[in-house]
Each structure stands twice: as C-alpha cells, then as structure tokens.
Amino acid sequence: METLSVAELASAAPSQAAAYPIRRIAVLGAGTMGSRIAAHVANAGFPVLLLDVAHAGEPNRLAAQALEGLKKTKPAALASPEFAARIGVGNFDEDLPRLRECDWVIEAVAENMEIKRALLARVAPHLRADAILTTNTSGLPVGEIAQALPQEVRRRWFGTHFFNPPRYMQLLEIIATPESDAAAVASVLRFAEIYLGKAVVPANDRPNFVANRIGAFAMLNTIHVMQQQGLSIEEVDALTGKPLGWPKTGTFRLADMVGLDVLGNVVRNFAANTKDERSDLQLPGFLEQMLERKWFGDKTGHGFYRKQKGAESDERLVLDLATLEYRAAQKPRIPALDLAKNIESLPERIRALLGGNPEKDKAAAFYWQILPDLWLYAANRIGEISDSIADIDRAMRAGFNWELGPFEMWDAAGVAETAATMRVQGRTLPAALEKLLAAGGSSWYRNDGAEYFDPRSGDYRPVEPASAVVTLARAKRSTGVVAANPGASLIDVGDGIGCIEFHTKMNALGGDIVSFVRQTLRPESEAVRNFRGFVITNDATNFSAGANLVQLLLTAQDEEWDEIDLYIRGFQEMTQSIKFCPCPVVAAPFGLTLGGGAEVALHAAARQPHLELYMGLVETGVGLIPAGGGCKEMTLRALEFANAAAPPGSRSDSVELHHAMRTIFESIALAKVSTSAYEARDLRLLRPSDNITMNRDRVLHDAKSCVMALAESGYHPPLPITDLPAPGESVLAALRLGIYMLRQGEYASDHDVIVATHLAEILCGGNITSGTPVSEQYLLDLEREHFLSLCGERKSQERIAHTLKTGKPLRN
C-alpha cells in the first residue's frame, strides 16, 4: 500500500474526523512507554484509561504503581502533577469491558508478536464499532500483528509509533495497512497534531519503519567504522554530537540515556528482518555481552559510561570495548573539531569537516566514511520505508533530534561534488541519485527548501506541511520581510498580521532588538498603520535567553553608569511599547524564555505559549534584578490575584496580598524557571486566559489567530496605571524577615541578601505606607535605580562573568 502524505491525510482529517471522534483514550500496557503515552494524553486534557496485567491479591497494582511513578519521572512526564487525576487504572482481567467507553485504544505491551496477538484477541470483543485500535510497536510488522483480528476491526487498525519520552519527542509514525480506513487514520493524525503536539510522518509497514530504520543503521555503521579506524568511545561521541547537528551527547552517551535494552531490541529487529545492501551490520559482540550482564545504561548505572563516586565529585568512567572494563574518561584531542566549533552554520560546518585530508585528518577520515554510508543507505530506502525524502528528513529531525535530516545534510555537503567523489571511490550510486543528476538537479531540495526531488516522477514537488503550520520561512518567501536590522525583522504573515522575529545568537536582547521593537510598535509608525496586530515569536530553538550579558558586563566593568541607565530606559520603553501599542501584540514564547525574554512576554496583550515553556525571571542568578518592567508586571499580577481572592472591603495589606507577594518574590528571588507552560501559569508568568499550544509547529498559527480575534473584537490598549496601591512597608517587613531567616539558616549568602533586599523593595514600591497610590512609571524607576546599584557590586559582576564562562549561575 502506498502511504498517503501528511498533507493528504491532513486535508482529509477535518471532513472525515466526524466519523471517528476522539474524546477518551485507553492505553494497554503500563510499562515505561505505555504509562508515558497515557501521561501525555492527560497533558492534552483528555481522560485516559491505563490497563495492565492483573496482580494476585491487588489486581490494579501494576497500573497503579505506574501512575505513581509518573509523578516522579525526570524529565517530568506530566506537565502538571494535578493531571495525574485524568488517568484511571485497571487490569486486563476485570476492566476490558470499560474499553467500550473509549474512542481510541493504544496497545503498548511488550515488543513480542505473540504477546500482542494474544491480548488483542481478548480486546477485540469489547471495542465499539467506531473505536480505533492501534499498536505502538517500534518495528514489528503491523499487518501481521492483526492477522487474526476480525475484518471489521482490521479496518480500524494501524500502527502509531510514539518515541520515548512521548511528551518531549515530537515524532509519531503512522503505519497504515492496506485495510486501514483512511478516515480513521486521518482522525488520529489530526488528534495527534493538534492535541498531542506531534510531527506525524506516514511510514510504510517495513521493519523499524522510518526513523529507527535510518537511526539503527547510523548507530551500527558508526560502531563498524569506529572499530575499523580504531577510535575510542570518547572520540566517536565528540565526532557524532554537535559537529553534525546531532544530539550533543554523541552516539554512546545517548545510547546509555535511551537504554541499551531498548537499543538492543531495535538493532536485533533491524538485523533479523532487514535484507538490504548493508545486511552485514549485526549486533556487536561487546553489546551482546553488555546486555547479558544487564548493563542497560543509565537505568542500571552501567553502560558505555558509568559514574564513580569521588572524594569531592563524581568521576565519569568509560568502557574499554576490548576488555569490557571501565577506565577514566579522557577528553579527545581532534584539531578539526576545535576549528569547527567556531562555525555557527551547520551546513558550513559540515563542508569544513569534509574539507580535511582523510589521510592525515582523523575527523575527515571518519566523516568521509559514515556520511556517504548514511546518504547512500537513506537514498536506497526511498520507496521502501517512505516515498518522500521530506518525510524521511522530518522523521530524523523529530525522532532523533537531528538538526538536519540525511538528505538535508547531503545538500549541505554538496550532492554533485560528493557524488563525484563517491564514484571515484568505486561506490555504487543509488537509482534515486542517478535520477536526480540525470534530471539536471544538483540538490535534493530547491527554492530554499520549499520543494524536494521526487524520484518517482523525476521532478521536484512542494514540501507540503502538516495542517495549520505557518512558518516564518514560508512567510518570507511569499510576502517578504517588511523591515529588518541585524537583531530583528518584521515579517508579513498574512491577514494583516505582522510578526516580529528575533534572530541574534540565543535571541539575546541587545540594542538592535530593543530599538527595532520600539520603532516598530510606536503609535505613529508605518507598521502600526499598516498592520492589524503583531505576533512576537521566531523559528529558533528558544524564544529568548534574555539580555545580552556580554555587553552589560563590559559596560559595568568600565563604570559607564550613564550608558547602562540609557540602555535600561530603552529596554523599559521597548516593553512599554509592547503593552501600550494601539494594535494587539501577542507573544508566542517557547523553550527558554528567560530574563528579558520573559519580560517581553509579560507585557503582551496575550500570550500563546508552547507546552514546553521554560520561563522565568532569572536575573538574581547573576546578581541583578529584572529591570525591564518584569518586577512591575509581577506586582500587578500579585495585586490582581489578591484583590480577586480577598473578601470585599479587605485591608490594603490583607493576608491574600501577603501570600501573593510572597509567591512572586520567591519566584524571582530563587530564579525559578517553569518546567512547562502550565507551571508558568502557576508562577503567574502566564494569565489563566492565556491558551497553550501543544504542537510547536502550530504556535505561530495559533498566536496569529489570537491576534486576529483581539483585533476583530475592537481591541483597545490598556491605560497606564497611576493609582496602584503599593504593598508598602507591611509586606516589605515580612519579606525582609524571610530574607533574614534564610541567611541565618545559611541558605543564602551575604550577596544573596543584598540582591533579595533590592528585589523586595521594588516589588513593594519601597518602604512606604501600604496602600499609597503609585504609578507604573514609579515602579519602573525603582527597577532602574536598584539595577544600577547592583551593577556596581563586585559580586554581581563576578556572577555575570561566571555565567558567561560556564553557562551556569554562581551562588556566592
């Protein structure tokens, strides 16, 4: 059966989903994978039934233990602990009749054909006539698993391969069979995209499907080349991590994290069931021995690496593959990697790494073996595992966290040039590559990635995104960049909405971004006249890591206080321009949204965050305080919360106000960072009215819809508040007492006390009578004055310098 494309399934989904509405889900199997799938369904807001084998004397014990375990997993499987209440537990002996309540049943038991078939035979009689049944197998033949099921059930049967952990790994492979009802498949695709946040890739029913087929080959071939070239584990991890845009852990450290037992199952399935040009690749002998010894990686404490307790700190040991004994890990010395780490662009870095002499350069010799091997293998799989190179690339990006898929990497290296070299080496070129070159193509993609080469037709086809995906890259191609400077751009994303995009390193907020936002959003600007509203977001990994600390440190060390004062005034003017813009401005934060990045989001008319939002006002970590309006906005939120919670006629220093102020003080003083958008809401960084998007690829679409809704409802910006009742001396005294107790208990240093005291005074509006009316500008002035004072502290400058050097805050 030829797989339908994502676009074909997505276009069918809205019209056909009515035949298979999904409101309640069951997961069969409460192991690591099954329980975490259930947790992510709960994250999406749906009730889920989690069943497992009945335990003697305590039938629901296994499922109940799994549920308790979900509350403790790291990284957290649940976006909020309270979501555990959405998961009901049961067992296969007593609770299969409850499946009649469920619209989608996901089988996720052990990766064993007979176990799966036996359970499904018991499950089938309890399914409703419109219930969808899928398997979470990572590589078993989906059609064969269901051979014994009734025909009417097989119509609603297909594979849904989640990647672990399901909350964080975006890929979902859908494996339809020739009997699968396209409407049922489309319904799951739509649900997975919108509610589970998945990047859905259709896969053919072939061993290991798409991502694991390519990933298992890459792993086995890397080991094969390592042994050929006599490389160490540390060297291979250095070579296969960040330099290639693969996870920074590298090959072996990542294997330890995933679990060598899991890896062993995938590799065994690959070796046993794939018959292709690289069938020589088998499970290495050393890995067989490790599995026999139950050395499964991090979960057992023994893997390719293990930690050994030292007198002062833990020491990382590495496995000697020849003796299977551990030795001290050594930092590899590979000059080519030292040079390449300064190259920001991944395509340029790949070209540089391949540019060395393989006879003299260890890195070049390694890359000229594994990369052509990968490219040729992937090209030979076109039509077998997937009909689309775009889907293969997407699967590797979403399932293995590669920055570029294999065909995108090949384009970066230069297809024609590398093909010529491979011919000289005597390699056999795949038919798909020969078709590309014969058609006059020089790359797998063209038009800035908007089209990909389809070997079946011999021509380029549009890269069709999943439904509702609006990317800035496509907007730039269609409507263009309206204005730009080195730090930010204004992009027309259609329907009268503009998008302000940051594009500095880590989207750090420097002078370019500050001036651009101020000029773009001022009431008399051309942008405000021409657009109905604005979104602030970008296509990077993180929304913004905060202010440019390098610039700040250098200025503070030179004691240029007037320059710092001018910068902070400008930053405050930027955040105020966001808040008081005549048009609605919606921030769409995701990933790291720290310090100044959080302040940008706080001042927007609304926020449309991604679920994976790591947001916080973290300036105290570098010995400073938020000075871009962050303290002001958090005080406003505390007052709103206290007023809503307090009985009518309460005093200005009510119990509710003390509680609310303590909450925001602790959040900022301890530099708390949310672990999800839901926790950001608990920390008052988001409002209850801010909606959360599950799918990272839909964030811009949803934020744009939010702006349009605000504009169409007759949006008017708020007026600056001039009569804010300051929390004042009563709350300030309570906060100071708390600071004193922390110091006495040696939970805070002397410098922590200084920073926390400055923070408390800003949040309370100074040591003034509680309830004294103050303005927003008054609080902004307090922020700026205290920030300048802390910039002059030697300890603050040491903390900034330490953070810039290590990436971690220093606690004095």
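Helix H3 (residues 61-70) lies across strands S2 (48-52) and S3 and runs at about 150° to S3. Helices (H or I, at least four residues) and strands (E, at least two) are DSSP runs, numbered from the N terminus. Angles run from 0 to 180 degrees between N-to-C directions, with axes fitted to C-alpha atoms, for helices over the stretch in contact. Contact means heavy atoms within 4.5 Å.

The model is predicted: local features need pLDDT of at least 70, side-chain atom pairs count only at pLDDT 80 or more, and totals for chains, interfaces and linings use all residues. Residues are numbered from 1 along each chain as its sequence is written, and side-chain values use heavy atoms, with hydrogens and water left out.

Eight strands form an open sheet with mixed pairing, in the order S3-S2-S1-S4-S5-S6-S7-S8. Two strands pair if DSSP finds at least two bridges between them. S3 (87-91) and S8 (199-202) stand at the edges with a single partner strand each, so one side of each lacks a neighbour in the sheet. On average, neighbouring strands are turned by 25° against each other, direction ignored.

Strand S6 (residues 157-162) pairs with S5 (residues 132-135) in the parallel sense over three bridges. Here Leu133 stands opposite Trp157. S6 pairs with S7 (residues 171-175) in the antiparallel sense over four bridges. Ile174 in S7 is the bridge partner of Thr160.

Six of the six residues of S6 are buried (under 20% relative accessible area; exposed is over 50%, partly exposed in between; 1.4 Å probe, protein chains only). In a regular strand the side chains alternate between the two faces of the sheet. Trp157, Gly159 and His161 are buried on one side of S6, and Phe158, Thr160 and Phe162 on the other.
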